[in-house]
Amino acid sequence: MIQALVVDDEIHCAEGVKCAIDWKALGVTQVYTAYSMAQAQKVFQEEEIHILISDVEMPKGSGFQLLGWVRDRGYKPVVIMLTSYATFAYAKQAIEYQCMEYLLKPIKREDLAEAAARAVAEVMDRRKKDDNYRLAEYWNANERKHVQHFWREIIEHNTHADSETIMAYARQSHVTLDERNQYLPILYRIYAAGEHVTWSSVSEELKSLFYRHVFHDEEQVALVYNHRYLLAIAGYADDLLARREQLFRDSRRFQEEIPSHCGIHISVYLGEFRESSQVAAQYVRLVEMDENNVTERPGVYSAMEQSGTAAYQRPDIEAWMKDFSAGKYGKTIEEVERCVDLMSHERRLDQGSLAQLLQDFMQAFYIILGKKELQAHQLFGDEASLKLYRQAGKSVKDFKVWINHIVKKSAEYVTAVSDAGAVVHRVKKYIRENLGAELSRNQIAGHVCMSPDYVSRVFHQETGTLLSDYIVQMRMAEAEHLLESTCLPIGEVACQVGYYNLAYFSHVFRIRKGMTPAAYRKSLKQNSE
């Protein structure tokens, strides 16, 4: 289907052009007319126009103004411009707008028909080129997927295959590999706002930018995606050192420039040129490099520069504990972060050394908490704290978050421990709200995250009453209230104040009131009469 639009502010001219050509013979299925720029714009917005024949001189928007609007909106018709004036300026604009024909009025019918025929031929030629381009893109896309699948198979299932076996598998899979090639894998990890992002979610614009910055010869590169990484496998037969250095520089430039485009950061891990049989092993090594990059610092890291596991040297953790004990909580956090940043800068931190640092710190910190009468397992046993602790050894950032959390939370409780009155108030409140539950000394101490001995000692010092006696007093007082104000069975009253043995409840109640619960309720009834 081919559609044309004739635009002229003189109606008879527009209709004359429309009628002067045997459009059907040319294969044009529909011809529209418009008598102003606004009408022509409306036709373009509603219909797909392949050929535009327009007058230049129109009072409400010239033909070139219309053409500018058409080009700005991405429409690409074949254009024939008509004019009554043979001026250089008009001709120049027609060339700039890539008009196919520029005809002077009055126009001979045969000249107009020839121009229309050439326009139709141009439309058909463009369609053929577009079809060929789309077909080529289709085949290229499928070929890339085919190559990606091949390398994924090698990485995941043929780790120990030799080069001859891989070449045979490539021939069997109809993948073209040059036997002279050596292969260099490059691993890319992407981050956004401190979070890992899957490469499958990356925009096509970013992937295109990646190609333009790093790989200038797409035929030599296979990109293998998974949910965590983008693995590029570059294969070349010569100038390997120079090509590796170029890839290193291009990757660094891409890594440094990309945040300004997308607000993301990228870490790059560069392998070495080796035979195809070494690609899978190199991939494993690059993944290990990323997992050991606990600093999560964007950059380009070379496998040739890796010196193995970072040697751990225990820092002066006792100095940090001394600051904490002295109430210098901010300084404690500051010193820990300063030490970690220094170790990171000197590349003395990987996953193993960070885990050792975490263990050493927590061992010393728990000792200090114990001396301050705090129970660490109660203080940090909540789900939020446990989640932060599980993450703490994965990266420097997570380690710092954990240190900030435990120091600040501990500082609050250290302050609370020093205020005996506040401790007793919290204990009493907890007892009042849980009379029907088990109220052991350990449970109460756990609620305030302090040692049972400390809680019992402080409570006795502040109230003059043993903690166990106070619990009994509160339970009996509530039992008296329930017996007076409700008709609950005595067994139910016992349960509501934390006694699940009726005989024992009656025994304790009798010691306090000199009579059984039943007798107490009966006496209340008699007194009311």
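Q: Two strands pair if DSSP finds at least two bridges between them. With that in hand, which residue in E2 stands opposite Gln3?
A: This is a predicted model, in which local features need pLDDT of at least 70, side-chain atom pairs count only at pLDDT 80 or more, and totals for chains, interfaces and linings use all residues. Residues are numbered from 1 along each chain as its sequence is written, and side-chain values use heavy atoms, with hydrogens and water left out. Strand E1 (residues 3-7) runs parallel to E2 and is joined to E2 by 5 bridges. In E2, the residue opposite Gln3 is Gln30.

Q: Which are the edge strands of the sheet?
A: Strands are DSSP runs of E with at least two residues, and helices are runs of H or I with at least four, numbered from the N terminus. Here 5 strands make an open sheet with parallel pairing, in the order E2-E1-E3-E4-E5. Each edge strand pairs on one side only, and these are E2 (30-34) and E5 (101-104).

Q: At about what angle does helix H1 run to E2?
A: Axes are lines fitted to C-alpha atoms, for helices over the stretch in contact (heavy atoms within 4.5 Å). Angles run from 0 to 180 degrees between N-to-C directions. Helix H4 (residues 63-72) lies across E1, E3 and E4, at about 150° to E3. Helix H1 (residues 11-20) lies across E1, E2, E3 (51-55) and E4 (78-83), and its angle to E2 is about 170°.

Q: Which residue caps the N-terminal end of H13?
A: Helix H13 (residues 351-371) has 21 residues and reaches 31 Å from its first C-alpha to its last. That is close to the 30 Å expected, which is 1.5 Å times one less than the number of residues. A side-chain oxygen 3.1 Å from the backbone nitrogen of Gly352 provides the cap, and this oxygen belongs to Asp350.

Q: How many Å apart are the axes of H11 and H13?
A: Ile317, Trp320, Met321, Phe324 and Ser325 in H11 meet H13 residues including Leu357, Phe361 and Ile368. Those H13 residues are among the buried ones of the helix. An α-helix has 3.6 residues a turn, so residues three or four places apart point the same way. H11 (residues 317-325) packs on H13 at about 35°, with an axis separation of 10 Å.

Q: Why does Arg189 count as buried?
A: Arg189 sits in strand E6 (residues 182-192), with its C-alpha 6.6 Å from that of Val268, 79 residues away along the chain. Its side chain makes a polar contact with the side chain of Asp290 at 3.0 Å; such a contact is a pair of N or O atoms within 3.5 Å, and within protein one must be able to donate a hydrogen and the other to accept it, while residues adjacent in sequence count only if both atoms are side-chain atoms. Arg189 counts as buried because its relative accessible area is 4%.

Q: Is Asp239 buried or exposed?
A: Asp239 lies in the loop between E9 (230-236) and H9 (240-262). It has a positive phi of about 50° although it is not a glycine. Its relative accessibility is 54%, so Asp239 is exposed.

Definitions and conventions:
Buried means under 20% relative accessible area, exposed over 50%, partly exposed in between (1.4 Å probe, protein chains only).
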